Amino acid sequence: MGIQNDIVKFNVGGRIFQTTATTLANADRDSFFGALFDDNWDLKQPINGREFFIDRNPDCFAVLLDLLRTGDLYIPSNVPERLLYKEAMFYGLIGHVRSAKRGPFDGNRLKLSKPVTGRAPGDGTAIRAGPDGGCCVAYGSMVHVFDWMLEEHPPLNLDYQRVNDIGWVNAESVLISACERLGRGDSGMGLFSSYTGDLRYKFNVVHDNQIKSYTAGALCFSPDYKIFASCKGRSNEYGIGVWDQVTGKQIDFFYETPGWSLGEADKLQWLNGTTCLLVATLFPRKDNCYISLLDFRQKSTVWSWSDFGAPLTVDEKRARDAIAMEDCNSVCVVNEYEDLGFIDLRISGRSVRWSSRSRLMKGKMPDEPCYPKLALHNGQLFSSMNDSISVFCGPDWVLTSRLRRSYGGSICDFSIGGDRLFALHSEANVFDIWETPPTPVI
């Protein structure tokens, strides 16, 4: 930075602020202040005592300028926090504000931030964390979207069809998969604006050059802008559909083979290391569990496991959720008692190695059980069970923490993203927000 010591003056709403180019360079390249610099982080124009006038709130500007100077966020009592967030969004500093308010995500340090009560009368079915710290929640046929300030945006609905899954394509777009609406020929997937709730386009399934009506289930995304969804039609269009995120056009379809179950999959997961897709269809959706890795380049199943035909003496060996762990060359499964099991990805058909050390409870299930869910984030494994979420760490996946709040009933779904964990309870339509507090200043 050739002129990094230059003094820069701002007139913000009538108040004069002075700072240095070095301080402003702490902002992101795509921020308001980053636009003042060239590619070498030199100011684009000589200053020569000139002021930059900004017609915005000066009190908020003072807080954000101190954030760039020190990395710490102090909000005085005369500054409404919601107004500060909106000003931070204007300047492109919302990421700095989030980082200052929350420490790096760590499941063992999470603290309950606040509960949020839903607005729908029916039970929630799914919750998904957004990339910017917000979330979306499916209640029956409606999806409610919240930004990271927990302000609710206009709700989403795909012709009031029952929602099966939701996913964030990016911070501006939410994808909904839903049940087929019989007699209408409606397809089961649509892309919406997360800000306005407007439907941008629907996704069609084409079979034998004809558009087919279908039910879309589990969703997944790959880094090369592909959308994967389990699809169930009324004839032979069962399997995994693939669409282009940008155009919305179908680009591929993996038809399920006889005796296998892909079109009703509960879980899809893209594996970057092997460029394959994990597809899991689990109990109780099916009487037996089917997990496979699909290679779309060769249209082949490169790995598979099923408990079909296996001797089961107790129901506890049924897999209720599954997640691939590429670093460990294994698939982790969980049963209704939160026993963790591991299947070797290097050998097809390998039996499950159940880990008894992970067992937290044994006994009668609640009257309305919520089957456990799994998530892997930053090298930590998370598993929900009844009204709590357990955190497992280390090569042996030792139980290290439990997140629990009794209000709201059992946890039916949870999601991690934007440095937050969101847990959706089955009763009272409430979801909890868990955050890592910032490291204390010494």
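In what order do the 4 strands of the open sheet stand, and is their pairing parallel or antiparallel?

Guide: The model shown is predicted; local features are taken at pLDDT of at least 70 and side-chain atom pairs at pLDDT 80 or more, whereas totals for chains, interfaces and linings use all residues. Residues are numbered from 1 along each chain as its sequence is written, and side-chain values use heavy atoms, with hydrogens and water left out.

The 4 strands of the open sheet follow the order E18-E19-E20-E21, and their pairing is antiparallel. Strands (E, at least two residues) and helices (H or I, at least four residues) are DSSP runs numbered from the N terminus, and two strands pair if DSSP finds at least two bridges between them. In general, strands of a sheet pair through backbone hydrogen bonds. Strand E18 (267-271) and strand E21 (300-306) are the edge strands, each of which pairs on one side only. On average, neighbouring strands of this sheet are turned by 15° against each other, direction ignored; the axes are lines fitted to C-alpha atoms, for helices over the stretch in contact, and angles run from 0 to 180 degrees between N-to-C directions.

Consider E18 itself. With strand E19 (residues 276-281), E18 pairs in the antiparallel sense over 5 bridges. Trp270 has Leu277 in E19 as its bridge partner. Strand E18 also holds Gln269. Gln269 has a relative accessible area of 18% and is therefore buried: buried means under 20% relative accessible area, exposed over 50%, and partly exposed in between (1.4 Å probe, protein chains only). A polar atom of the Gln269 side chain lies 2.8 Å from the backbone nitrogen of Ala324. A polar contact is a pair of N or O atoms within 3.5 Å; within protein, one must be able to donate a hydrogen and the other to accept it, and residues adjacent in sequence count only if both atoms are side-chain atoms. Leaving aside residues up to four places away in sequence, Gln269 touches Cys220, Cys276, Leu277, Leu278, Ile323 and Ala324, where contact means heavy atoms within 4.5 Å.

The cores come next. A nonpolar core is a set of buried Ala, Val, Leu, Ile, Met, Phe, Trp, Tyr and Cys residues joined through side-chain atoms within 4.5 Å. The largest one has 29 residues, and Phe10, Phe33, Phe61, Leu64 and Tyr91 have the most contacts inside it. To this core E1, H1, H2, H3 and H4 each supply at least two residues, and H2 gives the largest share, 7 residues. Apart from it lies another core, of 19 residues, among them Cys276 and Ala324, two residues that Gln269 touches.

Helix H2 (residues 58-70) deserves a look of its own. Its 13 residues should span 18 Å at 1.5 Å a residue, and its end C-alpha atoms are 18 Å apart, so the two values agree; the expected span is 1.5 Å times one less than the number of residues. Among the buried residues of H2 are Phe61, Leu64 and Leu68. At the start of H2, a side-chain oxygen of Asn57 reaches to within 2.9 Å of the backbone nitrogen of Asp59. After H2 comes Gly71, with a positive phi near 85°.
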